[in-house]
Amino acid sequence: MAIEAGPVDRLTPPVPELAPSAVQRWSAGGGQLVELLAEVCGRLGGVGAFRLGAGDGAGDRPTVLVTDPGAIQHVLALHPQRYVKRSHRARLLVGEGVLSATGEAWKRQRRLLQSQFTGTGMRRYEQRIAEAARITAGRWAAYARTGEVFDVGEEMRRFALDTIWRSLTGRALDADTEHELGSVAAVVAALPTLPADSADAGEAVAADLARIDAVARHAIAAARRGAAGPDGPGLLHLLVEASAERPEYTDRLIRDELVTLLVAGHETTATTLTWLYLLLDRSPEARAWALAAGGEGSAERREAIQALVNETLRLYPSAWILPRHAVEDDVLAGYAIEAGTDVIVCPYLAHRDPALWPDPERFDPTRFTAPGGRPAVPGAYVPFGIGPRACLGLQFALRESTVLLEHLLPAHAPAFRSVPDRAAYSITVRPDGPTPVTLAVRP
């Protein structure tokens, strides 16, 4: 049935309303918001409207939820100039880094970094990724020998942080820096519960931010002295060199880019790998399938391992929700969108649409290897976003995940002592609780 273009109406009957601050603070770990969005999607389909709070009058615009692939493509890839990113909920942590920057500043920052994460740029990180994976594999072998209980999530954060630190500085992550950078994860975890007022929020995590700033100052000073690490210069050296010709690259902006890359370069990868091991615990046949696909180092095994990662990202996309703001009038899937309307693109729900993904709650990596296993329509699978603001580190994240799993999967199948019973929805969708395991050496 065709839908004529017209103003997006309020839902009838209305769904439960949330206070406007809920979207900024992801109250109750984001669970309340996810339930609301799922209800909107269930009632209205791929494009639907709802209200956040009672508002202050009849002119209060609804928020539009987008989960339809064509509409996702329209908003993020085809017309990003009409639907812009206004701010980022992690601005308190990442400042004016490329993740939260907007307008011309964002364009300049992205251009500088983009070449580092594609083609030739990626090749310079191969050895750094491999070494971090080798170190992690050595720790896991020791855990298997001793029977020590350890936390999978913490191990994945440790690996991902070592990888990005090597890529930024050319140096392995030392114990003192690792300890101080634990404050990054602490601030990320605190974001859903911080006060709505930015000053109060900053005060609540002031000690953690101070520790992060101290690490950044030390690293920037070392890079300015030309102190490249054993693996050669890293991304931080690129930023410092840019400051010689680009006055906007002050130490503050370099700090913001450094912290942005730390957050984006380890939090999302660590979370994906943790979910992957939880999913394999429930579906051990998927591990056996991947290992049987080919021998060690073969293209077939690598493709199967990549499918494990891709299917994990389908269920728990790195960019699980993407808020945008319409800056001009538009027509979206037959609806008139007025300038000033807030739009929420939700890959998390799009990836669970049974019309696109049969039996969507089932973990099935063969969707990404079997012909016709995944929908071909653009916008149906967007775990890192799509369009000009898609995640810069997509290839980096996929490569480091695959390399680590090539080391760990053949040797170990962790036995979980307990598993989290729910997810927490913040910058990423992460397991809401510890993930303790023991290991046994596998034949």
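**Notebook: charged side chains**

I started with R324, which is buried (under 20% relative accessible area, 1.4 Å probe, protein chains only) yet has no salt bridge, the nearest side chain of opposite charge being D342, 10 Å away. For charge, I counted Lys and Arg as positive and Asp and Glu as negative, leaving out His and the chain ends. A salt bridge here is a side-chain nitrogen of Lys or Arg within 4 Å of a carboxyl oxygen of Asp or Glu.

A note to myself on the ground rules: this is a predicted model, where local features need pLDDT of at least 70 and side-chain atom pairs count only at pLDDT 80 or more, while totals for chains, interfaces and linings use all residues. Residues are numbered from 1 along each chain as its sequence is written, and side-chain values use heavy atoms, with hydrogens and water left out.

**Around R324**

I found R324 in strand 5, residues 322–326. Strands are DSSP runs of E with at least two residues, helices are runs of H or I with at least four, and both are numbered from the N terminus. What does R324 touch, leaving aside its neighbours within four places in sequence? I listed its contacts (heavy atoms within 4.5 Å), and among them are V75, Y83, K85, D342 and R389.

**Pairs that do meet**

Side chains of opposite charge can pair when their charged atoms come close. How many salt bridges are there by this rule? The count comes to 26, and I looked up a few.

In the first entry, E39 and R43 form a salt bridge at 2.6 Å, N to O. I traced both to helix 2 (residues 31–44), where they sit four residues apart and so are separated by about one helical turn.

Next I turned to K107 and E104, whose closest N and O atoms are 3.3 Å apart in their salt bridge. Both lie in helix 5 (residues 103–114), three residues apart, about one turn of the helix. K107 is partly exposed at 38%, and E104 is partly exposed at 48%.

Then I checked E361, which bridges to R352 with closest N and O atoms 2.6 Å apart.

My last entry is a network: salt bridges link R139, E155, R158 and E178.

Notes: Buried < 20%, exposed > 50% of the residue type's maximum accessible area, 1.4 Å probe, protein only.
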